[in-house]
Amino acid sequence: GLCGRAQGTPVIALCGKLSFTPEQRKAIGLKAGRVDLLAKVPKLRVEEQLQERPGSGTDLYFTSPKSARSKRTVTFTRTAALALAGLVAGKGRDEVVFVTTTGLMVRTRNFRRVWLKAIARAGLEGLRVHDLRHTHAAILLSAGHSITAVSRRLGHSSVAVPDLIYGHLRVDHDEGLLAAIDAALPSLDLLEVETELGLAASLAA
């Protein structure tokens, strides 16, 4: 599957572990000061994204994400933290985490070249960066995590968005819900129920 083949390709594997990373502009605009690798649960803060002014060729600038919910704290695994450690080490708070081999900011065309090589090496030709965001959500929802929690993690503007896209992946919890109702409500005497319903019917006649 996708996850298995991605493990041998660092670029794809890291993108898959960081739910925000498939949002390319936020990833390449991530500043070292926004990453906390020493927290009990490693995390980063999404506060800005890097934009490339169309037609300028050289003009890169930071801007706020498109919605308030896009600004968020994202936790990630220890393995992802180890991968990020070398990229963050020695950098000032305002320096970006991801740079080119020559230390420059990553442009869309630069990233695309690396991405195409990575997916070819993994035998995943045609895979889009955004597909990993969908995979990340699908894994969490299939494991039974709530649509609300996943929505917040991905920075969706509304729970309705992931519910529409991923709703079919949610684990069916009906049995658990019904068991909770049975446990919370007193047991029913069917004879009493029938008698009461019969009385109500006669009064209504």
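In which helix does G86 lie? G86 lies in helix α4. The close-ups below come from a predicted model.

**Figure 1. The chain as a whole.** This predicted chain has 205 residues, and 34% of them count as buried. Its secondary structure comes to ten helices and five strands. Take the contacts between residues at least 6 apart in sequence: 63% of these join residues at least 24 apart.

**Figure 2. G86 in helix α4.** Helix α4 holds G86. Is G86 buried or exposed? Its relative accessibility is 61%, so G86 counts as exposed, the cut-off being over 50%. V97 is eleven residues away from G86 in sequence. In space, the C-alpha atoms of G86 and V97 are 9.5 Å apart.

**Figure 3. Two nonpolar cores.** In soluble globular proteins, nonpolar side chains tend to be buried together. The largest nonpolar core of this model has 14 residues. Which of them touch the most other members? They are V35, L37, L44, F76 and V97. Strand β2 (43-46) and helix α4 (78-88) each supply at least two residues of this core. Helix α4 gives the most, with four residues. A second core is separate and has eleven residues. Among them are I28, I119, L124 and L127.

**Figure 4. N110 in helix α5.** Helix α5 spans residues 108-121 and contains N110. The relative accessible area of N110 is 18%. That is under the 20% cut-off, so N110 counts as buried. What does N110 touch, not counting residues up to four places away in sequence? Its partners are T100 and M105.

**Figure 5. Helix α6 against helix α7.** Helix α6 covers residues 129-142, and helix α7 covers residues 147-154. Their axes come within 10 Å. The two axes cross at roughly 155 degrees. An angle over 145 degrees counts as roughly antiparallel, and therefore α6 and α7 are roughly antiparallel to each other. The crossing of α6 past α7 is right-handed. Which residues make the contact? From α6 come R133, H136, A137, L140 and L141. From α7 come I147, V150, R153 and L154. By class, this contact has six nonpolar, one polar and two charged residues.

**Figure 6. H145 in the loop between α6 and α7.** The loop between α6 and α7 is the place of H145. Its relative accessible area is 44%. This value lies between the cut-offs of 20% and 50%, so H145 counts as partly exposed. Setting aside neighbours within four places in sequence, H145 is in contact with L140 and V150. L140 belongs to the α6 side of the helix contact, and V150 belongs to the α7 side.

**Figure 7. S157 in the loop between α7 and α8.** S157 lies in the loop between α7 and α8, and α8 spans 160-166. How far apart are the C-alpha atoms of S157 and A68? They are separated by 7.5 Å. Along the chain, S157 and A68 are 89 residues apart. With neighbours within four places in sequence left aside, S157 is in contact with S67 and R69.

Terms used:
Residues are numbered from 1 along each chain as its sequence is written. This is a predicted model: local features need pLDDT of at least 70, side-chain atom pairs count only at pLDDT 80 or more; totals for chains, interfaces and linings use all residues. Side-chain values use heavy atoms; hydrogens and water are left out. Axes are lines fitted to C-alpha atoms, for helices over the stretch in contact, and angles run from 0 to 180 degrees between N-to-C directions. Angles under 35 degrees count as roughly parallel, over 145 as roughly antiparallel, 65 to 115 as roughly perpendicular and the rest as oblique. A crossing is left-handed if the near helix is turned anticlockwise from the far one by less than a right angle, and right-handed if clockwise. Contact means heavy atoms within 4.5 Å. Ala, Val, Leu, Ile, Met, Phe, Trp, Tyr, Cys and Pro count as nonpolar, Asp, Glu, Lys and Arg as charged, and the others, Gly among them, as polar. Buried means under 20% relative accessible area, exposed over 50%, partly exposed in between (1.4 Å probe, protein chains only). A nonpolar core is a set of buried Ala, Val, Leu, Ile, Met, Phe, Trp, Tyr and Cys residues joined through side-chain atoms within 4.5 Å.
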